[in-house]
Amino acid sequence: MTSRVQRPPAEERFAEELARLAEEDTGPRPPGWRLTLTSARTFVMGDVELGIAPKYVGNASLVERSLVTLATTRGLMLVGEPGTAKSLLSELIAAAVSGDSTLTIQGGAATTEDQIRYSWNYALLVAEGPSTRSMVPAPMMRGMAEGRVVRFEEVTRCPLEVQDTLLSLLSERVLAVPELSGDDAMVYAREGFNVIATANTRDRGVNEMSAALKRRFNFETVHPIADFDTEVELVRTESAALLRASGVAAEQDPAVSELLVTLFRDLRTGFTANGSPVERLSSVMSTAEAVSLAHATGIRGWFLRGDAGTVTDLAESLAGTATKDNSEDAARLRRYVEKVGSQRTSAAWQELRRAHARLTGP
Ligand SMILES: Nc1ncnc2c1ncn2[C@@H]1O[C@H](COP(=O)(O)OP(=O)(O)O)[C@@H](O)[C@H]1O
Ligand SMILES: [Mg+2]
């Protein structure tokens, strides 16, 4: 028996939708695109009447502006707090525009030029010398040659000189390979090539982005979901899908996700819904973290007892999410649960108070 892939890329998960949109789509397409701009927007935002699932929850005009940018000669830079769906959005857009979201460079302190441009198969290089055969193209070279969108994740985590590799690629739209000669020495970008970069605002100061690079991108800020009910709904559907994939055959009590989202929003913004101030945590209280916590809650319930997780399970998992890298956060969280829980009478809040008191001691 072969096991399933944990998370296939968007173009596989939604292959049927993409094929249908491409077929029904008769308007003008930007050069090199698989879909029209409006169909790409529909793919990302969803359309109930057309049977296209909603995927990114947020501002349709942000998605529109992002797509317009990609049809120009400037790159697209998605910035925002961690867990606001920047990576998801870049994956969905790349799948819609190019039919491929896998040309991805993961930025980090150890990212090198080789991982952006090309490297060599050393056995072939030694045996035959430099040739297109001995060359191993990296995502940027492939994206240029194939006319596809390239994703550059967490670009500001790369050293500045590595970021600068992008400069000439984005402005000249050509990649020079000095080791080769003739036609092979220049890889010209084809229609459809562009770059979607993402950067976390929390990483500011790790490596600032160079001014020259900034000029080659249009920036879009991705915000956390503004509306409470919308966020609860997203956490519910996303965690339900994850739980099904994990083999959990029970429905989670809706009170769990509602409490979870309330708690995350209060601690993210520093205010409760009725405006009374609470201490913010230094940990990231993102929607993405809320989804994974609802998932963990269900896993605990199902594999320990056979239900879909309770508020007590949530409390057990909460410490590892909300108080990750700061011991002060544990105390803040406890004070929050005490303060807010004493004002809220629902069974879920009372259970959280009891569970939390037990977890963190007297
Ligand atoms: N606005 C949103 N729309 C859809 N999913 C969201 C949204 N905000 C958060 N999520 C959740 O977060 C996950 C994606 O987070 P990710 O793209 O990794 O964030 P980032 O790259 O900004 O850190 C999604 O799979 C989804 O569960
Ligand atoms: Mg990301």
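The legends below accompany close-up views of a predicted model.

View 1. To the contact, domain 1 contributes four residues and domain 2 contributes eight residues. Between them the two domains bury about 470 Å², and 60% of that area falls on carbon and sulfur atoms. On the side of domain 1, Val 57, Gly 83 and Arg 202 account for 77% of the area buried against domain 2, which is more than any other three residues supply. The count of salt bridges between domain 1 and domain 2 is zero.

**View 2. The largest pocket, between domain 1 and domain 2.** Because domain 1 (10-216) and domain 2 (228-360) both give residues to its lining, the largest pocket lies between them. The space in this pocket comes to about 1,600 Å³, and its lining is made up of 44 residues, of which Arg 7, Arg 13, Leu 88, Glu 238 and Leu 242 lie nearest the centre. Two or more lining residues come from each of the elements α5 (86-98), β5 (149-153), β8 (194-200), α11 (228-245) and α13 (287-304). Helix α11 gives the most to this lining, with nine residues. Sorted by class, the lining of the largest pocket holds 19 nonpolar, 13 polar and twelve charged residues.

**View 3. The second largest pocket and its lining from α11 and α12.** About 260 Å³ of space lies in the second largest pocket, which is lined by 14 residues, those closest to its centre being Arg 236, Ala 240, Ala 250, Glu 251 and Gln 252. At least two residues of this lining are supplied by α11, and at least two by α12 (254-269). By class, the lining of the second largest pocket divides into six nonpolar, four polar and four charged residues.

**View 4. A salt bridge between Glu 231 and Arg 268.** Side chains of opposite charge can pair when their charged atoms come close. Here Glu 231 forms a salt bridge with Arg 268, and the closest N and O atoms of the pair are 2.7 Å apart. Glu 231 belongs to helix α11 and Arg 268 to helix α12, so that the pair, whose members are 37 residues apart, links distant parts of the chain. A search of the whole structure finds 24 salt bridges, whereas zero are counted between domain 1 and domain 2.

Key:
Residues are numbered from 1 along each chain as its sequence is written. Chains are lettered from A and ligands numbered from 1 in the order in which they are written. This is a predicted model: local features need pLDDT of at least 70, side-chain atom pairs count only at pLDDT 80 or more; totals for chains, interfaces and linings use all residues. Side-chain values use heavy atoms; hydrogens and water are left out. On a 1 Å grid over the protein atoms alone, a cavity is a set of points where a 1.4 Å probe fits but cannot get out, and a pocket is an open set with protein on both sides within 12 Å along at least five of seven lines; lining residues have an atom within 4 Å of a point. Grid points are joined across faces, edges and corners, and a volume is the space filled by probe spheres set on the points. Helices (H or I, at least four residues) and strands (E, at least two) are DSSP runs, numbered from the N terminus. Ala, Val, Leu, Ile, Met, Phe, Trp, Tyr, Cys and Pro count as nonpolar, Asp, Glu, Lys and Arg as charged, and the others, Gly among them, as polar. Domain bounds come from an automatic or database domain assignment. Contact means heavy atoms within 4.5 Å. Buried area is the accessible area (1.4 Å probe) that two parts lose on being put together, summed over both. A salt bridge is a side-chain nitrogen of Lys or Arg within 4 Å of a carboxyl oxygen of Asp or Glu.
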